[in-house]
Amino acid sequence: MAYETEPARSRAGGEETLDPAWEPTADANPPDELQILRDEPVSRYTSFRIGGPADFLARPADTASLGAALAWAREARLPLTIIGGGSNLICSDAGVRGLTISFRAMRVPVEVVEEGETILLRVPAQRMLSAVARWCCEQGWSGLDWAVGLPGTVGGAVANNAGAHGTEMIDNIASVTVMGPDGIERTHDRAWLRARYRHTVLRSPDPAERPAGTIVVAVTLRLARDDRDALLALADEHAAWRKEHQPRQPCAGSIFKNPPGTYAGLLIEQAGLKGYGVGGVQISPLHANFIVNIGVGKARATDVLAVIRHAQETVRARTGIGLETEVEFIGDWERVPSAE
Ligand SMILES: Cc1cc2nc3c(=O)[nH]c(=O)nc-3n(C[C@H](O)[C@H](O)[C@H](O)COP(=O)(O)OP(=O)(O)OC[C@H]3O[C@@H](n4cnc5c(N)ncnc54)[C@H](O)[C@@H]3O)c2cc1C
């Protein structure tokens, strides 16, 4: 039985760098100064709290250590997988082969350029988006209030073109700075991202479009001066809306894209699937487009796949509508037993 979107092996990392004779990387030997972790559970880096071990995992806090980790991966010919906040990912129970980079950090300074009423804000990709968004409201700068309460990093939001309340990341982007697998930083105009609904070249499934192994290191946002109190009130409203409408348990956000003219959550709810569960996960009784982890430590990615498939089959049988996944599958799905 096919999924509407098949899990693909290490989609986020450039398989193009793989030698056809490449084997798992047990013999690669990272230098001590890179502080690369071996067999590190990816479940520690995803909001779903699900995912097997990464062969190697680096946590660079800045672009210099990111470049050093990339140089080692290139030398050792390892495929790369990039995780920001891990809030849109389902990682295989078999884990991730090659080098996984967890690129998030709190205390990296932003740069502000004020041009009259316009503010240009250069934000490092590893910063958490929601905290940056609230800080902008506190400064009286409008444009990012919609992102208050949205999980994940600035880099992940750029790659996904994340959005909420009728606005999306691309609406604020002036330019984006990326580091290629060669360790060189390049700045591109916003058009380079070819953004559309929850999509940019950085997460394109098409290898011809996706620049393999390319990591966002910073983004320059265009903001405007506005009323500080009104912006803070809006930020509180957005945060309260999330508390009321979205589950608190570990999850990966909306599982399915909304089909044209309707809502995935509504179709799943009308099929009577709220609360439907397999193993340690269930369809949220609060919002049917969320699958939540109710057995942290026990829930498996294959449980999630089984629930996804059941929802897809049931909705298709009732309505003829195929639900496509919005979440992204990372890791080694070839070694995982089928969810049949
Ligand atoms: C409770 C909940 C609510 C959510 N609500 C929304 C919502 O309202 N709107 C919405 O759009 N999304 C929502 N999401 C999904 C998710 O939070 C967003 O898509 C978020 O922007 C992902 O950011 P991240 O840093 O967690 O990315 P990750 O999940 O870590 O990664 C997502 C993709 O971005 C890539 N990536 C990450 N960092 C970088 C980088 N620096 N450079 C290049 N590529 C990178 C990864 O390789 C992957 O392809 C929600 C998720 C949860 C758990």
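**Ground rules.** I am working with a predicted model, in which local features need pLDDT of at least 70 and side-chain atom pairs count only at pLDDT 80 or more, while totals for chains, interfaces and linings use all residues. I number residues from 1 along each chain as its sequence is written, and side-chain values use heavy atoms, with hydrogens and water left out.

**The ligand.** I looked up the surroundings of the ligand and found 34 residues there, counting a residue when one of its heavy atoms lies within 4 Å of the molecule; the closest are I82, G84, S87, T153 and G163. For polar contacts I took pairs of N or O atoms within 3.5 Å. A polar side-chain atom of T153 is 2.6 Å from an oxygen atom of the ligand, and polar backbone atoms of I82 and of G85 each have a ligand oxygen atom at 2.7 Å. On its own the ligand has 960 Å² of accessible area, of which the protein covers 94% (Shrake-Rupley method, 1.4 Å probe).

**The shell.** I then asked which elements give two or more residues to the shell around the ligand, and noted β3 (80-83), α3 (154-160), β9 (163-164) and β13 (215-225); helices here are DSSP runs of H or I with at least four residues, and strands are runs of E with at least two. The most comes from α3, with 5 residues. Sorted by class, the shell has 16 nonpolar, 15 polar and 3 charged residues, with Gly counted among the polar ones. Because domain 1 (15-102) and domain 2 (111-245) both give residues to this shell, the ligand lies between them.

**The domains.** The assignment, which is automatic or from a database, also gives a domain 3 (264-324). I find the C-alpha centres of domain 1 and domain 3 to be 29 Å apart, and their contact (heavy atoms within 4.5 Å) takes 7 residues from domain 1 and 11 residues from domain 3. About 630 Å² is buried between domain 1 and domain 3, 69% of it from carbon and sulfur atoms; this is the accessible area, with a 1.4 Å probe, that the two parts lose on being put together, summed over both. On the domain 1 side, F48, I50 and D93 lose the most area to domain 3, together 70% of what that side buries.

**Backbone.** Most residues other than glycine have a negative phi. I noted a positive phi near 50 degrees for D39, which lies in strand β1 (residues 37-41), and one near 55 degrees for R77, which is found in the loop between α1 (63-75) and β3.

Key:
A polar contact is a pair of N or O atoms within 3.5 Å; within protein, one must be able to donate a hydrogen and the other to accept it, and residues adjacent in sequence count only if both atoms are side-chain atoms.
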